[in-house]
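Subject: Structure for your review

Dear colleague,

Please find below the structure that I am handing over to you. I would be grateful if you would read the notes that follow it.

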Amino acid sequence: MPETPPVNAFAVAQRLRQAVAAMPVRLETGGEMSVTVSLGLSWLNATDAGIEPLLARADAALYRAKHAGRNRSRWSRGSRCRSR
């Protein structure tokens, strides 16, 4: 989400995470199941030489979210926003 302040990006991630959790998936057999997502967020820093550092930070944040439990969002370390 280019030019989006981190706090706004985190709010969007939270809404997305909540919307996915609230939406049951209908099965062909007639039943339903629920799914959740965990999200890792980061942003491109002025000192990054390419996209790789951004992806590495987002990946690390995703693994922290997964390690904290299901249905979580986490920022890359050193951000101004808190995890929820």
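The notes below cover the core, the aromatic residues, the salt bridges and a surface patch.

This is a predicted model, in which local features need pLDDT of at least 70 and side-chain atom pairs count only at pLDDT 80 or more, while totals for chains, interfaces and linings use all residues. Residues are numbered from 1 along each chain as its sequence is written, and side-chain values use heavy atoms, with hydrogens and water left out.

The largest nonpolar core consists of six residues: A9, F10, A13, L39, L41 and W75. Such a core is a set of buried Ala, Val, Leu, Ile, Met, Phe, Trp, Tyr and Cys residues joined through side-chain atoms within 4.5 Å; buried means under 20% relative accessible area, exposed over 50%, and partly exposed in between (1.4 Å probe, protein chains only). Two elements, α1 (6-22) and β3 (39-41), each give two or more residues to this core, and α1 gives the most, with three. Helices (H or I, at least four residues) and strands (E, at least two) are DSSP runs, numbered from the N terminus.

Two aromatic pairs were found. Rings of Phe, Tyr and Trp (its six-membered ring) pair if their centres lie within 6.5 Å; planes under 30 degrees apart count as stacked, over 60 as edge-to-face and the rest as tilted. F10 and W75 are stacked, at 5.7 Å centre to centre and 25 degrees between the planes. This pair links helix α1 with strand β4 (residues 73-75), across 65 residues of the chain. F10 is buried at 5% relative accessible area, and W75 is buried at 3%. The planes of W43 and W75 stand at 75 degrees with ring centres 5.2 Å apart, so that pair is edge-to-face. W43 itself is partly exposed, at 25%. F10, W43 and W75 form one aromatic cluster.

There are two salt bridges, each being a side-chain nitrogen of Lys or Arg within 4 Å of a carboxyl oxygen of Asp or Glu. In one, E32 meets R26 with the closest N and O atoms 2.5 Å apart; R26 is exposed, at 63% relative accessibility. In the other, D48 and R57 are joined at 2.7 Å, N to O, and D48 is buried, at 17%.

A colleague
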